[in-house]
Amino acid sequence: MNNSLHLRGHHLICLQFYKGLGYDASFVKNLNRVVKAWEKTPALIVEGPDMVCKSCPYLEGEKCTLSDKIDQKDLLALNLLKVQLGVLIEKQTVKNKLYEIWEVWKEKACKDCLWNEVCSEEVKTKTKHKRSF
């Protein structure tokens with residue numbers, strides 16, 4: 001992996017809800033860098049571990065030990081967003097699609113996610129105040 005921004009499928013959606021929380025200080029520091037970079041430059045959609053995963057304490061080699069459903073969530077995200085691996089994507093492009101895909105994503109990807117409560121609160125707040133994602 002070179003220095004350009006690389007993101008896997010589910011992170012395209014999940015990073016839209018990032019609020020400065022993470023597994024540990026190193027992970028949060030890395031996430032802050034990734035989120036800031038994605039505001040300025042498109043990300044290359046990749047398969048498997050990406051720039052978020054690189055500092056995750058649950059990454060062992062090329063495998064996430066937190067969930068055996070990560071690859072399925074990546075594929076779901078790509079299908080819902082109608083994008084493919086190897087394509088560059090802007091953060092705003094994903095953000096613009098969230099309303100149309102949110103209900104399916106929430107039902108299929110969020111129910112068993114450790115961060116579900118954090119994202120759900122963010123969605124409730126934005127929906128209540130009629131703000132965009």
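Two strands count as paired if DSSP finds at least two bridges between them, and strands themselves are DSSP runs (E, at least two residues), just as helices are runs of H or I with at least four, numbered from the N terminus. What you see is a predicted model, where local features need pLDDT of at least 70, side-chain atom pairs count only at pLDDT 80 or more, and totals for chains, interfaces and linings use all residues. Residues are numbered from 1 along each chain as its sequence is written, and side-chain values use heavy atoms, with hydrogens and water left out.

**View 1. An open sheet of three strands.** The order is β1-β2-β5, with mixed pairing. β1 (6–8) and β5 (88–89) sit at the edges with a single partner strand each, so one side of each has no neighbour in the sheet.

**View 2. Where β1 meets β2.** β1 runs parallel to β2 (residues 43–46), and three bridges join the pair. Look for Arg8, whose bridge partner in β2 is Val46.

**View 3. Gln16, in the loop between α1 and α2.** Is Gln16 buried or exposed? Gln16 is buried (under 20% relative accessible area; exposed is over 50%, partly exposed in between; 1.4 Å probe, protein chains only), at 11%. A polar atom of its side chain lies 3.3 Å from the backbone oxygen of Leu12. Beyond its neighbours within four places in sequence, Gln16 is in contact with Trp38, Lys91, Val94, Lys95 and Leu98, where contact means heavy atoms within 4.5 Å.

Conventions
Polar contact = N/O pair within 3.5 Å; in protein donor to acceptor, adjacent residues only side chain to side chain.
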